[in-house]
Amino acid sequence: MHTDKYFDPLTDRYALDRRFGVDGGYAQIDTSQDAAYFGTWASPSERRIVTYAEGDISDQTAETDEEFAEAIRALAAWNREREFLFSIDTRGSATLTEQFSAVGLGEFLGWGGSAEEVEQTLEAMVGTGGAQRRATDTPA
C-alpha cells in the first residue's frame, strides 16, 4: 500500500465530498464518527482510499484488489471495535456496487445487518453518548 500524506488547513470534508463523488468513481465510507472535520472515500477501480481528518489528508493506493479489500476490512474492524457504524455508500450507483462486490466487500454496502444488530448498534451509540434517542409517534 502506497500512502501520501498532506495537510490543508483551508479545506473541509465537504470540499472532498465534491471532489471524490460517485461521478468520479468514489463511494463515501460512512461511519457514525463522520463530521465536518472527518470523512473517508474509496474507489475500487483505482484501489484508492482517501481520508480527511482536521486538515490532514491520507491518500492510500493499493497494488491489488486484495490489498484494497484488506484495507477496507481493517477500517470496518476499527470502527466496529469502537461500536461505530460502518458502511460503504455507493449512492445507488450500480457500477460502484458491482465493483465493491467484485472485490469481496459487498457485506459493507449499506448499513446492512439484521434489525436486531442495527438496534444494538444504536443502543450502544446512545450508551456512549454518541447519539440521543427520542421516541416519536408519526400519524399513519
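Trainee: Two strands pair if DSSP finds at least two bridges between them. How many residues lie between β3 and β4 in their hairpin?

Mentor: Four residues lie between β3 and β4, and Arg 47 in that turn has a positive phi of about 55°. Before we go on, this is a predicted model in which local features need pLDDT of at least 70 and side-chain atom pairs count only at pLDDT 80 or more, while totals for chains, interfaces and linings use all residues. Residues are numbered from 1 along each chain as its sequence is written, and side-chain values use heavy atoms, with hydrogens and water left out.

Trainee: OK, and how many bridges join β3 to β4?

Mentor: Six bridges join β3 to β4 (residues 48–53), and the two strands run antiparallel, with Thr 40 standing opposite Thr 51 in β4. On β2 (residues 27–31), the pairing with β3 is also antiparallel, over three bridges, and Ile 29 stands opposite Thr 40. The hairpin from β2 to β3 passes through six residues.

Trainee: Is β3 mostly covered or uncovered?

Mentor: Strand β3 (residues 38–43) is mostly covered, since six of its six residues are buried, meaning under 20% relative accessible area, against over 50% for exposed and in between for partly exposed (1.4 Å probe, protein chains only). Phe 38, Thr 40 and Ala 42 point one way from the strand, whereas Gly 39, Trp 41 and Ser 43 point the other way.

Trainee: Switching to rings, how many aromatic pairs does a search of the whole structure find?

Mentor: The search finds five aromatic pairs, a pair being rings of Phe, Tyr or Trp (its six-membered ring) with centres within 6.5 Å, called stacked under 30 degrees between planes, edge-to-face over 60 and tilted for the rest. One of them is Phe 20 with Tyr 26, edge-to-face at 4.9 Å centre to centre and 65° between the planes, and both of these residues are buried. Ring pairs link Phe 20, Tyr 26 and Trp 41 into a cluster, and Trp 41 belongs to β3.

Trainee: Why is the pair of Trp 78 and Phe 84 tilted?

Mentor: The planes of Trp 78 and Phe 84 are at 35°, with the ring centres 6.2 Å apart, so the pair counts as tilted. Trp 78 is partly exposed, with a relative accessible area of 38%, and Phe 84 is partly exposed as well, at 25%.

Trainee: And what order do the elements run in from the N terminus?

Mentor: The order is β-α-β-β-β-β-α-β-α-α, from four helices and six strands, which are DSSP runs numbered from the N terminus (helices H or I, at least four residues; strands E, at least two). Of the 140 residues, 35% count as buried.
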